[in-house]
Amino acid sequence: MDKRTCLYEKHIGLEAKMVSFGGFEMPIQYTDITDEHLAVRKACGVFDVSHMGEVLVEGEEAERFVQHIFTNDLAGAECGKIFYGMMLHENGGTIDDLLVYKMSDRKFFLVINAANIDKDYAWIESEATKFDVKTENQSEYYGQLAVQGPDSERIVEQYLGLECKELVFYTFKTIDVEGETIIVSRTGYTGEDGFEIYGSHKFIQDNWDKLLASGEVKPCGLGCRDTLRFEVGLPLYGDELTDDLSPLEAGLGMFCKLDKEEFVGKDALVKQKAEGLTRKIVGIELEGRAIPRHGYEVVVDDKVVGHVTTGYNSIMTGKSVCMALVDIAYAKLDTPVQVKIHRKLQNGVVTKKRFYQKSYKK
């Protein structure tokens, strides 16, 4: 049976359409995916992301341990900084993509994907036995709101009373509010400016109510969360990253610091880079309006050369676009390809994965 977040009753009260996602019963939309998408691009939307997992790593060797399990490089980082990267199998396949929050030299906060919480934590625990660290799965304690859109800074300050102007993209701070410590970060998964707020279930419920009572924030479901992240080329675990797909193949090499002393999976990535990739995630723009969906075949000269990982009619550009995993020979920009949609081949061309320009506060 699917779990429920601390905001489940709020979603039911708003008559949201609920679906199963990552082992949770989640809202996919409240009114209309396009309306919710546009609210985030043009004003402000709020998402329940309490299904995400949180793991605390503490101890004398906390930084050394996180460096060991994480592809990005935390060396010399200031407290309050956030890093994006991956945890890998020894063969270079991706266990998960995650955010690492540096709270101190001895304390790190890891945010992982909902569907992978049990898998990730079991792996983290097994690797932690080699280090002087303590790990704690805090996913049951935390609820999380994502407040996203160009108006988000004003709204978080005005209606939630959380000072956040000084935060730049990928930084956070901890704040003591009414006897509890909450985390506010300038992060998101939409391509817009925004904040993610972690706190107790009651804190998250109360602040969800405050945001909706303001009349300035639209509740948004997982449907537009997917269209928003896809439109700016952000990967989704299970689509553009998987157990048998490396970050290099996903085009995320910038988050894999191969000059770092060591991390699990590094040797496999070094070898893969030296030998050359055999496949890669690319963007594809189609000529017509037919929509490519996950799993649809990518074809060149009647030969299947890959498959779609995510596809939509882009709400901001009006174009039919997708991300796809293709053989490396067909990964160059402007390569003509076709996508098989309902038994018909639709003409397209390889493009960048970013179909719409991101708008973050640097």
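Trainee: Buried means under 20% relative accessible area, with exposed over 50% and partly exposed in between (1.4 Å probe, protein chains only). Which residues of helix H5 are buried?

Mentor: Ser152, Glu153, Ile155, Val156 and Leu160 are the buried residues of H5, which spans 152–160. Helices (H or I, at least four residues) and strands (E, at least two) are DSSP runs, numbered from the N terminus. Bear in mind that this is a predicted model: local features need pLDDT of at least 70 and side-chain atom pairs count only at pLDDT 80 or more, while totals for chains, interfaces and linings use all residues. Residues are numbered from 1 along each chain as its sequence is written, and side-chain values use heavy atoms, with hydrogens and water left out.

Trainee: What do the buried residues of H5 pack against?

Mentor: They pack against strand E9 (143–148), strand E12 (194–199) and helix H6 (201–213). Contact here means heavy atoms within 4.5 Å.

Trainee: And what comes just after H5?

Mentor: Glycine 161, with a positive phi of about 70 degrees.

Trainee: Switching to the core. How many residues has the largest nonpolar core?

Mentor: That core has 38 residues, and Phe47, Tyr101 and Phe109 have the most contacts inside it. At least two residues each come from strand E5 (82–88), strand E6 (94–104), strand E7 (107–112), helix H7 (222–231) and strand E17 (320–327). E5 gives the most, four residues. Apart from this core lies another, of 27 residues, including Ile155 and Trp208. A nonpolar core is a set of buried Ala, Val, Leu, Ile, Met, Phe, Trp, Tyr and Cys residues joined through side-chain atoms within 4.5 Å.

Trainee: Why would such side chains be buried together?

Mentor: In soluble globular proteins, nonpolar side chains tend to be buried together.

Trainee: Now the open sheet. In what order do the five strands run?

Mentor: The order is E5-E6-E7-E4-E8, with antiparallel pairing. Two strands pair if DSSP finds at least two bridges between them. E5 and strand E8 (134–137) are the edge strands, each pairing on one side only. From one strand to the next, the twist averages 25 degrees.

Trainee: How many bridges do E5 and E6 pair over?

Mentor: Seven, in the antiparallel sense. Glycine 85 stands opposite leucine 98 in E6.

Trainee: Where does helix H3 lie?

Mentor: H3 (residues 62–69) lies across strand E4 (53–58), E5, E6, E7 and E8, at about 30 degrees to E7. Helix H4 (residues 117–128) touches E4, E5, E6, E7 and E8 as well, and its direction makes about 170 degrees with that of E8. Axes are lines fitted to C-alpha atoms, for helices over the stretch in contact, and angles run from 0 to 180 degrees between N-to-C directions.

Trainee: How many aromatic pairs does the count come to?

Mentor: It comes to 13. Rings of Phe, Tyr and Trp (its six-membered ring) pair if their centres lie within 6.5 Å; planes under 30 degrees apart count as stacked, over 60 as edge-to-face and the rest as tilted. Phenylalanine 109 and tyrosine 198 make an edge-to-face pair, 5.4 Å centre to centre with 90 degrees between the planes. Phenylalanine 109 is in strand E7 and tyrosine 198 in strand E12, so this pair ties together parts 89 residues apart in sequence.

Trainee: Why is the pair of phenylalanine 230 and phenylalanine 355 called tilted?

Mentor: Because their planes are at 40 degrees, with ring centres 5.2 Å apart. Phenylalanine 230 is in helix H7 and phenylalanine 355 in the segment after strand E19 (344–351), 125 residues apart.
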